[in-house]
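This report describes a protein model, with attention to one helix pair and to selected residues. The sequence and structure are shown first.

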Amino acid sequence: HICFIVRLLLLLSYIHDDKFNMETVSIYDCSISHELHHKPENLFEKKEVGCYSQVACNFIVFDKRSLNPFKLPSYATLQAKKWNVKKGYRSFTYRIFKRAESMVKNLLLTTIKYESDHGSSPSFQLPQVLCHSGLFKDILADKAKYQVIPFDGQLIFVGTNRRYNQNLLVSYSGIRFEDLLETGDPTIQTKNNFQHFKSLSRWKFRSQTGDQPLECLTVTEIDSLNPKGDRLNEGKKDPSRYTEIKMAYACPTFEYGNDVLDILRNVKRNFGHRLFQWVTQCKYGMSNYLLIGLRSPDYNIWKVQLYDIDSDVIPYLKKYFKQDYIEYQCSSDTLTKVLRWVKDGIEESMKKSQDHDYHNVFELDIGNKHYRLKKLLGLKAEKAYNTAMINEFLEWRKHKNNILASSKYIFHKEWQSKAKKQRKDLQLLSDDFNEMHI
């Protein structure tokens, strides 16, 4: 009996999944170094290298047509309670991802466009990481799970949140607020959240220890444009004008002054951590501005304020939330350490692997700066790989065959009739909703 128990404990320490289709590769706890007091911007470079607009549920186009400037409401409009972000939510259709749908489809399609446009240069090199920029925020300040696929010398990070359990009202109110800011018209309907704009950016993270830079290619959703911008970029949809939009709950009050950050600091518990999340989302995305709206208990917007991330928000974080500001100072180091740890762990696991019948797929579990890397085994790995890796990307990488022109996911002018049909098909989303309850 003792021998049996010992064997069982050894087995459980090696295999953690109850169906025996995962094995732990490595565990990492990332502690914050309080000796670092540099600007994280000194350790990374970022540049927009592409983009796409999603113009319908499953169509994208490689331009900025879905990105528009915001229009701030007047004091009289807010006083009259004309901006209600709850009205109409029951007719809202929110976007979910089917179980067989790739979570990185648009990232891979945009990567093909980027590589086909720039890859012929002699100095062109593939970045080590392909991901959505939400990965950076999750590593620094959140909880999440990702599948990681090593492919062609790169790591492709695939999110696992398919939005099956999202709250309809919460989803609607945020999108409704963005629609009101874009149009300024409270009479318009907000029917769905299918349309958005994403920027494709190339990152280079430098290490303080002298290691080779870590390069990443990311897509980041951009909510809006600052209508003013600077003189050089006036009238252009330039990255310097990109704006992140947030909405927060707070009862109407001027007890703490007229500044939105002051109000939230006094009425929200742990607001320092939330502000840290907003800062990292902007700095490790592409947004230079943060626009915050406050909603009342009856979902009326009663206060809206725009901030510059560098000159307003980061100094505010430093002044009132010292610990969160230290974490921000160390954020570039933290990202580099975690991503290198994932890269090294996967490379070491693949060297030892004896399983050549299935594709290599790993799972990264992120939780409060504790990270666990597991390897998916057998059919579970194969299913994850086949779901994520779309045919267009495999054709491009394996045969340099660019089939974007015939891809069913790319919007073409001659496909207007298909777009009309799709709008009709959007009413038939019962399959999606049925899957939520399977």
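## Packing of H3 against H12

The crossing of H3 and H12 is left-handed, a term for a near helix turned anticlockwise from the far one by less than a right angle. Two packed helices are described by the angle between their axes and the distance between the axes. For H3 (residues 105-118) and H12 (residues 391-399), the angle is about 30 degrees and the axes lie 9 Å apart. H3 is therefore roughly parallel to H12, the class for angles under 35 degrees. Axes are lines fitted to C-alpha atoms, for helices over the stretch in contact, and angles run from 0 to 180 degrees between N-to-C directions.

On the H3 side, the contact involves Leu108, Leu109, Thr111, Ile112, Glu115 and Ser116, which meet Glu392, Phe393, Trp396 and Arg397 of H12. Contact means heavy atoms within 4.5 Å. The contact of H3 with H12 comprises 5 nonpolar, 2 polar and 3 charged residues. Here Ala, Val, Leu, Ile, Met, Phe, Trp, Tyr, Cys and Pro count as nonpolar, Asp, Glu, Lys and Arg as charged, and the others, Gly among them, as polar.

## Basis of the model

The model is predicted: local features need pLDDT of at least 70 and side-chain atom pairs pLDDT 80 or more, whereas totals for chains, interfaces and linings use all residues. Residues are numbered from 1 along each chain as its sequence is written, and side-chain values use heavy atoms, with hydrogens and water left out.

## Overall architecture

The protein has 14 helices and 14 strands. These are DSSP runs numbered from the N terminus, helices (H or I) having at least four residues and strands (E) at least two.

Of its 438 residues, 51% count as buried, that is, under 20% relative accessible area with a 1.4 Å probe and protein chains only; exposed means over 50%, and partly exposed lies in between. Among contacts between residues at least 6 apart in sequence, 73% join residues at least 24 apart.

## Positive phi in two loops

Lys81, although not a glycine, has a positive phi of about 55 degrees. Its place is the loop between H2 (75-79) and H3, and Lys81 counts as exposed at 52% relative accessibility.

Asn368 likewise has a positive phi, near 55 degrees. Asn368 is in the loop between S13 (362-367) and S14 (370-376) and counts as exposed, at 52% relative accessibility.

Ser332 is found in H10 (residues 331-352) and is buried, with a relative accessible area of 1%. Leaving aside residues up to four places away in sequence, Ser332 touches Pro40, Leu43, Phe44, Phe205 and Tyr284.

How values were computed
Parallel < 35°, antiparallel > 145°, perpendicular 65-115°, else oblique.
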